[in-house]
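Let us read a protein fold step by step. Keep the sequence and the 3D view open as you go.

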Amino acid sequence: MKKLFAFALLSMVALGTVSAQTVDLRRKITVSGTAETEITPDIIYVSISLKEYFENGNNKKRVDISTLENQLFAAVQKAGFSKEHLTISNLNSWANTTGKKKNPDFLASRQYLLKVSDLNKLDQILSGVDSKGIQSTGIQSYDYSKMEELKKELKVKALKAAKEKATYMVEALGGTLGNVLEIQDGGDSPMQPVMYRNYAMKAEAADMAGGDADLDFKKIKLSFTVNTVFEIK
(Lines give C-alpha, C1' and ligand atoms only; values in the text may rest on other atoms or scores of the structure.)
Protein backbone atom coordinates (compact mmCIF):
# COMPACT_ATOMS: atom_id res chain seq x y z
CA MET A 1 0.00 0.00 0.00
CA LYS A 2 2.83 2.36 0.90
CA LYS A 3 4.58 1.52 -2.37
CA LEU A 4 1.40 2.25 -4.32
CA PHE A 5 1.00 5.63 -2.58
CA ALA A 6 4.62 6.51 -3.23
CA PHE A 7 4.28 5.59 -6.91
CA ALA A 8 1.15 7.73 -7.26
CA LEU A 9 2.87 10.67 -5.60
CA LEU A 10 5.90 10.31 -7.84
CA SER A 11 3.67 10.20 -10.91
CA MET A 12 1.92 13.42 -9.89
CA VAL A 13 5.24 15.19 -9.34
CA ALA A 14 6.53 14.02 -12.70
CA LEU A 15 3.32 15.12 -14.44
CA GLY A 16 3.53 18.54 -12.79
CA THR A 17 7.13 18.92 -13.90
CA VAL A 18 6.26 18.10 -17.48
CA SER A 19 3.33 20.54 -17.44
CA ALA A 20 5.50 23.30 -16.02
CA GLN A 21 7.97 22.78 -18.82
CA THR A 22 5.31 22.92 -21.54
CA VAL A 23 6.18 25.65 -24.06
CA ASP A 24 3.60 27.61 -26.06
CA LEU A 25 4.66 26.86 -29.61
CA ARG A 26 1.95 28.93 -31.25
CA ARG A 27 3.22 31.56 -33.65
CA LYS A 28 2.26 35.02 -32.43
CA ILE A 29 2.51 38.67 -33.35
CA THR A 30 2.52 41.54 -30.85
CA VAL A 31 1.28 44.92 -32.00
CA SER A 32 -0.06 48.13 -30.52
CA GLY A 33 -2.88 50.32 -31.76
CA THR A 34 -3.52 53.98 -31.09
CA ALA A 35 -6.53 56.24 -31.50
CA GLU A 36 -6.71 59.95 -30.84
CA THR A 37 -9.04 62.88 -31.17
CA GLU A 38 -9.29 66.56 -30.35
CA ILE A 39 -11.91 68.06 -28.07
CA THR A 40 -12.82 71.37 -26.49
CA PRO A 41 -13.37 71.22 -22.70
CA ASP A 42 -16.95 71.98 -21.74
CA ILE A 43 -16.45 72.03 -17.96
CA ILE A 44 -14.18 74.87 -16.88
CA TYR A 45 -13.44 76.02 -13.33
CA VAL A 46 -12.43 79.66 -13.10
CA SER A 47 -10.97 81.18 -9.96
CA ILE A 48 -12.08 84.73 -9.13
CA SER A 49 -10.48 86.76 -6.37
CA LEU A 50 -12.25 89.83 -4.96
CA LYS A 51 -10.67 92.36 -2.66
CA GLU A 52 -11.93 95.45 -0.88
CA TYR A 53 -10.53 98.82 -1.85
CA PHE A 54 -10.79 102.47 -0.86
CA GLU A 55 -12.44 104.82 -3.33
CA ASN A 56 -10.15 107.52 -4.69
CA GLY A 57 -7.53 106.67 -2.11
CA ASN A 58 -9.80 107.87 0.68
CA ASN A 59 -9.49 105.34 3.48
CA LYS A 60 -12.86 106.42 4.84
CA LYS A 61 -14.74 105.25 1.74
CA ARG A 62 -14.29 101.51 1.68
CA VAL A 63 -15.97 99.32 -0.95
CA ASP A 64 -16.87 96.39 1.29
CA ILE A 65 -16.29 92.74 0.32
CA SER A 66 -20.00 92.01 0.77
CA THR A 67 -20.83 94.62 -1.89
CA LEU A 68 -18.44 93.02 -4.36
CA GLU A 69 -19.74 89.56 -3.50
CA ASN A 70 -23.36 90.59 -4.10
CA GLN A 71 -22.37 92.03 -7.46
CA LEU A 72 -20.70 88.76 -8.40
CA PHE A 73 -23.67 86.63 -7.32
CA ALA A 74 -26.07 88.85 -9.27
CA ALA A 75 -23.87 88.74 -12.39
CA VAL A 76 -23.63 84.94 -12.22
CA GLN A 77 -27.40 84.57 -12.06
CA LYS A 78 -27.92 87.13 -14.82
CA ALA A 79 -25.59 85.08 -17.05
CA GLY A 80 -27.89 82.08 -16.57
CA PHE A 81 -25.97 80.12 -13.94
CA SER A 82 -27.36 78.86 -10.65
CA LYS A 83 -25.85 79.62 -7.24
CA GLU A 84 -24.37 76.11 -7.18
CA HIS A 85 -21.99 77.12 -9.98
CA LEU A 86 -20.24 79.60 -7.70
CA THR A 87 -18.58 78.53 -4.46
CA ILE A 88 -16.16 80.15 -2.03
CA SER A 89 -12.80 78.41 -2.42
CA ASN A 90 -10.84 80.38 0.16
CA LEU A 91 -12.13 82.76 2.80
CA ASN A 92 -9.81 85.12 4.60
CA SER A 93 -11.81 85.02 7.83
CA TRP A 94 -9.15 86.90 9.75
CA ALA A 95 -9.55 89.80 7.34
CA ASN A 96 -13.31 89.86 7.89
CA THR A 97 -13.24 89.73 11.67
CA THR A 98 -10.09 90.18 13.68
CA GLY A 99 -8.24 91.97 10.92
CA LYS A 100 -10.64 94.84 10.60
CA LYS A 101 -10.87 95.28 14.34
CA LYS A 102 -7.12 95.43 14.75
CA ASN A 103 -6.46 97.46 11.64
CA PRO A 104 -9.29 99.48 10.05
CA ASP A 105 -7.18 99.87 6.90
CA PHE A 106 -6.96 96.13 6.39
CA LEU A 107 -8.58 95.05 3.08
CA ALA A 108 -10.49 91.79 3.16
CA SER A 109 -10.41 89.39 0.22
CA ARG A 110 -12.29 86.29 -0.88
CA GLN A 111 -11.65 83.70 -3.55
CA TYR A 112 -14.40 81.99 -5.53
CA LEU A 113 -14.61 79.07 -7.92
CA LEU A 114 -16.96 79.45 -10.86
CA LYS A 115 -18.01 76.48 -12.98
CA VAL A 116 -18.83 77.42 -16.58
CA SER A 117 -19.28 75.63 -19.88
CA ASP A 118 -18.54 78.64 -22.05
CA LEU A 119 -15.75 81.08 -21.29
CA ASN A 120 -17.49 83.77 -23.30
CA LYS A 121 -19.89 84.05 -20.37
CA LEU A 122 -17.02 85.03 -18.10
CA ASP A 123 -16.64 88.45 -19.71
CA GLN A 124 -20.34 89.06 -19.17
CA ILE A 125 -20.11 88.06 -15.51
CA LEU A 126 -17.05 90.14 -14.70
CA SER A 127 -18.60 93.12 -16.43
CA GLY A 128 -21.21 93.13 -13.66
CA VAL A 129 -18.59 93.45 -10.94
CA ASP A 130 -16.68 96.58 -9.96
CA SER A 131 -13.41 96.09 -11.82
CA LYS A 132 -11.39 97.72 -9.03
CA GLY A 133 -12.58 95.00 -6.69
CA ILE A 134 -11.43 92.17 -8.94
CA GLN A 135 -7.97 91.20 -7.79
CA SER A 136 -7.35 88.36 -10.23
CA THR A 137 -8.93 85.58 -12.28
CA GLY A 138 -7.57 82.41 -13.82
CA ILE A 139 -8.31 78.94 -15.13
CA GLN A 140 -7.99 76.45 -12.27
CA SER A 141 -9.03 73.21 -13.99
CA TYR A 142 -11.06 71.81 -16.85
CA ASP A 143 -12.81 68.63 -17.95
CA TYR A 144 -15.04 67.12 -20.61
CA SER A 145 -18.57 66.01 -19.73
CA LYS A 146 -18.59 62.94 -22.00
CA MET A 147 -15.09 61.80 -21.14
CA GLU A 148 -15.97 58.19 -20.19
CA GLU A 149 -17.94 57.63 -23.40
CA LEU A 150 -15.09 59.10 -25.41
CA LYS A 151 -12.53 56.86 -23.68
CA LYS A 152 -14.50 53.73 -24.59
CA GLU A 153 -14.87 54.85 -28.18
CA LEU A 154 -11.18 55.61 -28.56
CA LYS A 155 -10.06 52.35 -26.98
CA VAL A 156 -12.29 50.35 -29.33
CA LYS A 157 -10.81 52.26 -32.27
CA ALA A 158 -7.30 51.59 -30.93
CA LEU A 159 -8.07 47.88 -30.68
CA LYS A 160 -9.36 47.80 -34.25
CA ALA A 161 -6.27 49.69 -35.38
CA ALA A 162 -4.07 47.07 -33.71
CA LYS A 163 -5.92 44.25 -35.48
CA GLU A 164 -5.66 46.01 -38.83
CA LYS A 165 -1.93 46.51 -38.35
CA ALA A 166 -1.42 42.87 -37.35
CA THR A 167 -3.47 41.67 -40.33
CA TYR A 168 -1.50 43.43 -43.05
CA MET A 169 1.82 42.56 -41.43
CA VAL A 170 0.97 38.86 -41.23
CA GLU A 171 -0.58 38.72 -44.70
CA ALA A 172 2.51 40.42 -46.13
CA LEU A 173 4.42 37.25 -45.16
CA GLY A 174 1.77 34.90 -46.52
CA GLY A 175 0.20 34.10 -43.17
CA THR A 176 -3.30 34.42 -41.75
CA LEU A 177 -4.18 36.28 -38.60
CA GLY A 178 -5.78 34.15 -35.88
CA ASN A 179 -7.60 34.97 -32.68
CA VAL A 180 -6.46 37.60 -30.24
CA LEU A 181 -4.56 35.99 -27.36
CA GLU A 182 -3.92 38.98 -25.15
CA ILE A 183 -5.07 42.59 -24.77
CA GLN A 184 -3.36 45.12 -22.52
CA ASP A 185 -4.87 48.51 -21.88
CA GLY A 186 -2.22 51.17 -22.25
CA GLY A 187 -3.92 53.21 -19.53
CA ASP A 188 -5.75 56.51 -19.56
CA SER A 189 -3.79 59.27 -21.18
CA PRO A 190 -4.40 62.59 -19.40
CA MET A 191 -5.47 65.57 -21.43
CA GLN A 192 -2.52 67.51 -22.72
CA PRO A 193 -2.04 70.96 -21.16
CA VAL A 194 -4.77 73.23 -22.41
CA MET A 195 -3.88 76.15 -24.61
CA TYR A 196 -5.84 79.26 -23.74
CA ARG A 197 -5.25 82.97 -23.79
CA ASN A 198 -4.21 84.05 -20.36
CA TYR A 199 -6.73 86.20 -18.56
CA ALA A 200 -5.97 88.03 -15.35
CA MET A 201 -7.13 91.27 -13.83
CA LYS A 202 -5.67 93.44 -11.12
CA ALA A 203 -7.52 96.03 -9.10
CA GLU A 204 -6.01 98.75 -11.29
CA ALA A 205 -7.21 97.20 -14.57
CA ALA A 206 -9.62 98.95 -16.86
CA ASP A 207 -13.35 98.38 -16.64
CA MET A 208 -14.23 95.01 -18.22
CA ALA A 209 -17.36 96.45 -19.78
CA GLY A 210 -15.25 98.07 -22.44
CA GLY A 211 -12.78 95.21 -22.79
CA ASP A 212 -12.54 92.53 -25.43
CA ALA A 213 -11.20 89.29 -23.98
CA ASP A 214 -10.92 86.20 -26.16
CA LEU A 215 -11.23 83.32 -23.71
CA ASP A 216 -11.92 80.41 -26.05
CA PHE A 217 -10.03 77.20 -25.45
CA LYS A 218 -8.10 75.72 -28.31
CA LYS A 219 -8.57 72.07 -29.17
CA ILE A 220 -6.76 69.63 -26.91
CA LYS A 221 -5.68 66.14 -27.83
CA LEU A 222 -6.64 62.82 -26.26
CA SER A 223 -4.71 59.68 -27.19
CA PHE A 224 -5.19 56.04 -26.09
CA THR A 225 -3.12 52.95 -26.84
CA VAL A 226 -3.80 49.21 -26.51
CA ASN A 227 -1.22 46.43 -26.78
CA THR A 228 -2.34 43.15 -28.31
CA VAL A 229 -1.05 39.66 -29.10
CA PHE A 230 -2.59 37.70 -32.00
CA GLU A 231 -2.06 34.12 -33.10
CA ILE A 232 -0.65 33.50 -36.57
CA LYS A 233 -2.26 30.58 -38.33
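Q: Which residues have the most contacts inside the largest nonpolar core?
A: This is a predicted model. Its largest nonpolar core holds 23 residues. Those with the most contacts inside this core are Ile-48, Leu-50, Leu-72, Leu-114 and Ile-125.

Q: How many residues are in the second, separate core?
A: Look for Ala-35, Leu-150, Leu-154 and Val-226, which are included in this second core. It is separate, and its number of residues is 10.

Q: Around what arc do the buried residues of helix 2 lie?
A: The buried residues of helix 2 are Ile-65, Leu-68, Glu-69, Leu-72, Ala-75 and Val-76. An α-helix has 3.6 residues a turn, so residues three or four places apart point the same way.

Q: What span is expected for helix 2 at 1.5 Å a residue?
A: Helix 2 has 14 residues. From its first C-alpha to its last it reaches 20 Å. That is close to the expected value, 20 Å.

Q: Which residue with a positive phi follows helix 2?
A: Look just past the helix. The phi there is positive, near 100°. The residue is Gly-80.

Q: Why is strand 6 largely enclosed by the rest of the structure?
A: Count the buried residues in this strand. Strand 6 has eight residues, and it is largely enclosed because the number buried is seven of the eight.

Q: Which residue of strand 6 is the bridge partner of Ile-48?
A: Strand 2 and strand 6 pair in the antiparallel sense. Eight bridges join this pair. In strand 6, the partner of Ile-48 is Tyr-112.

Q: Is Leu-119 buried or exposed?
A: Leu-119 sits in the loop between strand 6 and helix 5. Its C-alpha atom is 9.7 Å from that of Ile-43, which is 76 residues apart from it along the chain. Buried means under 20% relative accessible area. Leu-119 has 4% relative accessibility, so it counts as buried.

Q: How far apart are the end C-alpha atoms of helix 6?
A: Helix 6 (residues 147–172) has 26 residues. At 1.5 Å a residue it should span 38 Å. The distance in the model agrees with this: 37 Å.

Q: Which strands do the buried residues of helix 6 pack against?
A: The buried residues of helix 6 include Leu-150, Leu-154, Ala-158 and Ala-162. The buried residues of this helix pack against strand 1 (28–39), strand 7 (134–143), strand 8 (177–185) and strand 9.

Q: What is the relative accessible area of Thr-228?
A: Thr-228 is found in strand 9 (residues 220–232). Among the residues it touches are Ile-29, Val-31, Leu-159 and Ala-162. Thr-228 is buried, and its relative accessible area is 1%.

Q: What percentage of the residues in the protein chain is buried?
A: The chain has six helices and nine strands. It has 233 residues. Buried residues make up 31%.

Conventions
Residues numbered from 1 in each chain as written. Predicted model: local features only at pLDDT ≥ 70, side-chain atom pairs only at ≥ 80, totals over all residues. Heavy atoms only, no water. Core = buried A, V, L, I, M, F, W, Y, C linked by side-chain atoms within 4.5 Å. Buried < 20%, exposed > 50% of the residue type's maximum accessible area, 1.4 Å probe, protein only. Helix = DSSP H or I, 4+ residues; strand = E, 2+ residues; numbered from the N terminus. Contact = heavy atoms within 4.5 Å. Expected span 1.5 Å × (residues − 1). Pairing = 2+ DSSP bridges.
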